[in-house]
Each structure stands twice: as C-alpha cells, then as structure tokens.
Amino acid sequence: MSSRDNFSDTAEGRANPPEIVITESAGKIIITIEEILDYLISRKDLNPDDNLFYFKFREALDLYDLLLEEVLAASEISSVCKTGCKQCCCHWVENVSFVEGAVISRYLKENHPDLVGQITGSFREDADIFDSVCVSADDKIPEHHIFGDESDDRYDLILSCFYQFGRHCALLDKNGRCMVYPVRPFTCRDYFNVRDASACHPEKINDENNATLIVYISDAITEKIEVLHRRFNKVSDDMSLRRLLVRFLKYV
Ligand code: SF4
Ligand code: SF4
C-alpha cells in the first residue's frame, strides 16, 4: 500500500478520471478516522482481536463509508454499483492489511460460524488456481483466456487470467451480498463502475465500457493502516484477501 493518486482507471486510457472533491465535512471525517487510527497506533498493548481495538477499527470503517458517500457526491461521481451485483468479487482482491484480515475473520466467526470451514476450503481452491495461473504465466497461457495489452506486465496478466476463471469470493452469500459488508476490505470499498455494470463480467475485462475506478481518498489513512499492518504482520508478505483469510481461519 504505497502512496497513490486519487483515482486509478482500471481500463487504462478509456475514461477520463473525474476530479476528486474533498468538502469541508469530508475533511473532518478524514481527521476523525486519522485520530482513531492514531489512537490504535499509540496503544501498543492492544491486538486486533481485543474488543477495544476491534470496535474502534470498525468505527473507522463506518466513518470511511460515510466519507466515500460524501466524496462521490461532491465529485459528481455516480456509480452503477448495486447490492447483489457481484462480478467484481471475482477479482483476486489484494492490498488487504493484516488488521483488516483479523477484523474480517472475527466478524465472520461471530456472524457465520457454520460457514467458516466451507469458506476456508473455497479460498484454498482459489489459491491453488491462482498458483497454477502463476505457473502458466511462466510457461504457456491458456488460449481461451483474453488478455490485455501485450505491454501489460506479467502480474497484470495473472490477475486478469484469474478474474476470467469467474471464481466469486466465498464471502458472497447466495443472494450475491457480501457477508462481511460492514468490515469488507478497503480494496473492495474503493472499487466502482461508473458506466455499465454488465461490463464488469469477467469475459468483458477488456471491453471499452469497462469503466471501473478505484477511488483513493487519503494517503494519510493508508499510511496509518500500513503502520498497524507492519506491527502485527510477521509471517508473510502476501496481502491477498483469500490467502490472508485462510491464514486466519484455518485455526477454527
Ligand atoms: S464494480 Fe461492477 S460488478 Fe462490482 S458492484 Fe459495481 S457494477 Fe457491480
Ligand atoms: S470481501 Fe465482500 S466485497 Fe470484497 S470480494 Fe469478497 S464478497 Fe466481494
């Protein structure tokens, strides 16, 4: 999670990223989120599993949703995203911090304990597929998959290829709703389509209408999450949602 621009157009060169507007009230929300994260950074005695940490972090997440709403409205960005719309959940979601993983896994264990085993199994299968795509990228890429521009780097091709397997995140329920919505990762929160939802289908990854945007609001928030991530994450550099949750959930 490095310093980022306010927008990243995932269909590079096909859309003009809108200007982001931070209103005075959005600025106040950012400051409040920063204060919560600073407090958590200062409390070196707390772990993400501790109640105080967990509920403070959730407070920051709730505020972030308010912030997004405010910023999108002020920037006149109207997304076509709707509840139950789920194709973007086929992405290999990355840049998920240790703290987000810990909070999601606690939320899942508390709210859907009966599904934890099934979800872990599904994420393991996804990770195996992802690994096999990585191997294929070094050797031969399956012909039936559509890839982006040849100048894309190898990792973009791997992400694109995995997306086209159409493996929905196991955290979706049978109605296409995210089961961990209140604590979903920032990577999922920041992702929108501003033109045509049907273009999000994995088969249309290179479609001109695939006007998806990743909205970045605050480097300061990102940097504070990164501080917490570095404090707790001692095992692996892998920050993909599916692998991270296998790590957290396998001890259930
Ligand atoms: S990004 Fe695409 S698939 Fe995801 S909710 Fe928005 S329109 Fe639907
Ligand atoms: S965490 Fe939720 S929003 Fe993110 S990919 Fe999984 S189901 Fe979709």
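This dialogue walks through some features of a predicted model.

Trainee: What should I know about the model and its numbering before I start?

Mentor: Residues are numbered from 1 along each chain as its sequence is written, while chains are lettered from A and ligands numbered from 1 in the order in which they are written. The model is predicted, and local features need pLDDT of at least 70, side-chain atom pairs count only at pLDDT 80 or more, and totals for chains, interfaces and linings use all residues.

Trainee: Where in the protein chain is confidence lowest, and where is it highest?

Mentor: Where pLDDT is low, the predicted coordinates should not be read in detail. pLDDT is the predictor's confidence in each residue, from 0 to 100. The protein chain has a mean pLDDT of 86, with 84% of its residues at 70 or more. Confidence is lowest in strand 1 (residues 7-9), at a mean of 47, and highest in helix 1, at 98; helices (H or I, at least four residues) and strands (E, at least two) are DSSP runs, numbered from the N terminus. Over residues 1-14 pLDDT stays under 50, and over residues 143-151 the pLDDT is also below 50.

Trainee: At what angle do helix 2 and helix 3 pack?

Mentor: Two packed helices are described by the angle between their axes and the distance between the axes. Axes are lines fitted to C-alpha atoms, for helices over the stretch in contact, and angles run from 0 to 180 degrees between N-to-C directions. Helix 2 (residues 51-74) and helix 3 (residues 98-111) meet at about 105°, with axes 11 Å apart. That makes helix 2 roughly perpendicular (65 to 115 degrees) to helix 3. On the helix 2 side, Tyr 54, Phe 57 and Arg 58 meet Val 99, Val 103 and Arg 106 of helix 3, a contact being C-beta atoms, placed from the backbone, within 7 Å.

Trainee: Is Asp 49 buried or exposed, and what does Asp 49 contact?

Mentor: A residue is buried if 20 or more other C-beta atoms lie within 10 Å of its own, exposed if 12 or fewer, and partly exposed in between, with C-beta atoms placed from the backbone. Asp 49 lies in the loop between helix 1 (24-42) and helix 2, and counts as exposed because there are 11 C-beta neighbours inside 10 Å. Leaving aside neighbours within four places in sequence, Asp 49 is in contact with Tyr 54, Ala 102 and Arg 106.

Trainee: How many residues of helix 8 are buried?

Mentor: In helix 8 (residues 241-249), eight of the nine residues are buried, so this helix is largely enclosed by the rest of the structure. Among them are Leu 241, Arg 242 and Phe 248.

Conventions
Angles under 35 degrees count as roughly parallel, over 145 as roughly antiparallel, 65 to 115 as roughly perpendicular and the rest as oblique. Two residues are in contact if their C-beta atoms, placed from the backbone, lie within 7 Å.
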